[in-house]
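Q: I have a structure open and would like to learn how to read it. Can we go through it feature by feature?

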Amino acid sequence: MCFLIMSIGLAEAQSPNKTLNEDVEMRIPASEFDAKTIFMMKNINGDVEVTGYDGDEILITGVKSLYRKRGEVTPAESDEIHLEKYRSSEKLIVYIKAPNVEVNEKNDDLHYHIHWDDNKRDKNRVQFTFFLELKVPNYLMAEISTINGGELLVENMKNGVNASNVNGNITIREVRGEIGANTVNGNITVGLVENPTTDVRFNTVNGTIEVEAPKNLSAVVTFKSLHGDLYTDFENVEHLPSRLNKISNAGAKSYRVEQTSPIQIGSGGPEINFHLVNGNAYIKQIKS
């Protein structure tokens, strides 16, 4: 991952805004989780890069960048914004703790709410960005998210990945198991190393989705887009009948036809679902 610290420093030199950059580090030993634990990383602003490895502890490093419009960031203010962790019966969650972040425990889970700046709030509050690199035991299920101004990369996980972004791209490589990716303004790029064993789903509003899969892929592909098309270079493709989706309206049942008929690649199998609004989807053979 490339941290744009030089650019941040240049902006600081050319403007009265004050920026403070600090290294961050967290180590979570194997004693705090097990193979059934779902590991979640919740970033807000900035890049997240997750690499699965054969180790038995979670290692997080990176840079915390703090800035405000007027005045300097004090050490006390910096201490208020940091990585925090939460353990429930099924999940281990690492998140950004900050004065404008509200965290509530409910039903053995963590509910995470960010109070964005508005006219009623302090415009001069400290703003923050975290650029994070994680090494995670590759046998864990990983749920990774960021929201603004960041790229999301997850690779080499063996037990599933659920990746979420809002304003930024998602890249998933060398992964197995349950896979899902969702962003609003960004592209999704996925590299499958084997046939999916469960249904997988990829969603974006403004962007493209590109999936590379083994040449012996067997799956059913569904595609929905208001302003886009589905492209593939697989040749053993069969068009399947259009589906009827049942929707309920005040107790009454009605039916609608899917916008695009599903296709079967190879002998079929789990579904690869593409859902876009403005953009194309591509499912390609891995180049050997």
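A: Start with one pair of residues. Ile144 stands opposite Ala163 in E12. Keep in mind that this is a predicted model.

Q: Which strands does that pair belong to, and in what sense do strand E10 and strand E12 pair?
A: Look at the two strands as a unit. Strand E10 covers residues 141–145, and strand E12 covers residues 161–164. They pair in the parallel sense, over 4 bridges.

Q: What is the strand order of the open sheet of 11 strands?
A: Read a sheet from one side to the other. Here the order is E5-E6-E2-E10-E12-E14-E16-E24-E18-E23-E20. The pairing is mixed. Strand E5 (82–87) and strand E20 (237–239) stand at the edges. Each has a single partner strand, so one side of each is left without a neighbour in the sheet. On average, neighbouring strands of this sheet are turned by 15° against each other, direction ignored.

Q: What is the order in the open sheet of 10 strands?
A: The order runs E1-E4-E9-E3-E11-E13-E15-E17-E25-E19, and the pairing is mixed. The edge strands are E1 and strand E19 (230–232), each pairing on one side only. Neighbouring strands of this sheet are turned by 10° against each other on average, with direction ignored.

Q: How many bridges join strand E1 and E4, and in what sense do they pair?
A: Count the bridges, then check the direction. Strand E1 (residues 18–28) and E4 pair over 11 bridges, in the antiparallel sense. Now pick out single partners. Arg27 has Leu59 in E4 as its bridge partner. Lys18 has Arg68 in E4 as its bridge partner.

Q: What joins E4 to strand E9?
A: E4 and strand E9 (residues 127–137) run antiparallel, joined by 9 bridges. Ile60 stands opposite Leu134 in E9. Lys64 stands opposite Phe130 in E9.

Q: In what sense do strand E3 and E9 pair?
A: Check the direction again. Strand E3 (residues 48–53) pairs with E9 in the parallel sense, over 6 bridges. Gly52 stands opposite Val136 in E9.

Q: Why is strand E4 described as largely enclosed by the rest of the structure?
A: Count its buried residues. A residue is buried when its relative accessible area is under 20%. Strand E4 (residues 58–68) has 8 buried residues out of 11, so it is largely enclosed by the rest of the structure. E9 also has 8 of its 11 residues buried, so E9 is largely enclosed by the rest of the structure.

Q: What does the whole chain look like in numbers?
A: Step back to the totals. The chain has 2 helices and 25 strands. Of its 288 residues, 45% count as buried. Now take the contacts with a separation of 6 or more. Residues 24 or more positions apart account for 58% of them.

Q: What is the phi of Asn156, and where is Asn156 found?
A: Phi of Asn156 is near 65°, a positive value in a residue other than glycine. Asn156 is found in the loop between strand E11 (152–155) and E12. It counts as partly exposed, at 30% relative accessibility.

Q: Where does Glu174 lie, in a loop or in a strand?
A: Locate the residue, then read its angle. Glu174 lies in strand E13 (residues 170–175). Its phi is near 50°, a positive value in a residue other than glycine. Glu174 is partly exposed, with a relative accessible area of 47%.

Q: How many cavities of 30 Å³ or more does a search of the whole structure find?
A: Search first, then look at the space. The search finds 1 cavity of 30 Å³ or more. About 50 Å³ of space lies in the largest cavity.

Q: Which residues line the largest cavity?
A: Go along the lining by name. Val175, Arg176, Gly177 and Ile179 are among the lining residues. Leu192, Val193, Glu194, Asn195, Pro196, Thr197 and Val200 line it too. By class, the lining has 6 nonpolar, 3 polar and 2 charged residues.

Conventions. Residues are numbered from 1 along each chain as its sequence is written. This is a predicted model: local features need pLDDT of at least 70, side-chain atom pairs count only at pLDDT 80 or more; totals for chains, interfaces and linings use all residues. Side-chain values use heavy atoms; hydrogens and water are left out. On a 1 Å grid over the protein atoms alone, a cavity is a set of points where a 1.4 Å probe fits but cannot get out, and a pocket is an open set with protein on both sides within 12 Å along at least five of seven lines; lining residues have an atom within 4 Å of a point. Grid points are joined across faces, edges and corners, and a volume is the space filled by probe spheres set on the points. Ala, Val, Leu, Ile, Met, Phe, Trp, Tyr, Cys and Pro count as nonpolar, Asp, Glu, Lys and Arg as charged, and the others, Gly among them, as polar. Two strands pair if DSSP finds at least two bridges between them. Axes are lines fitted to C-alpha atoms, for helices over the stretch in contact, and angles run from 0 to 180 degrees between N-to-C directions. Buried means under 20% relative accessible area, exposed over 50%, partly exposed in between (1.4 Å probe, protein chains only). Contact means heavy atoms within 4.5 Å.
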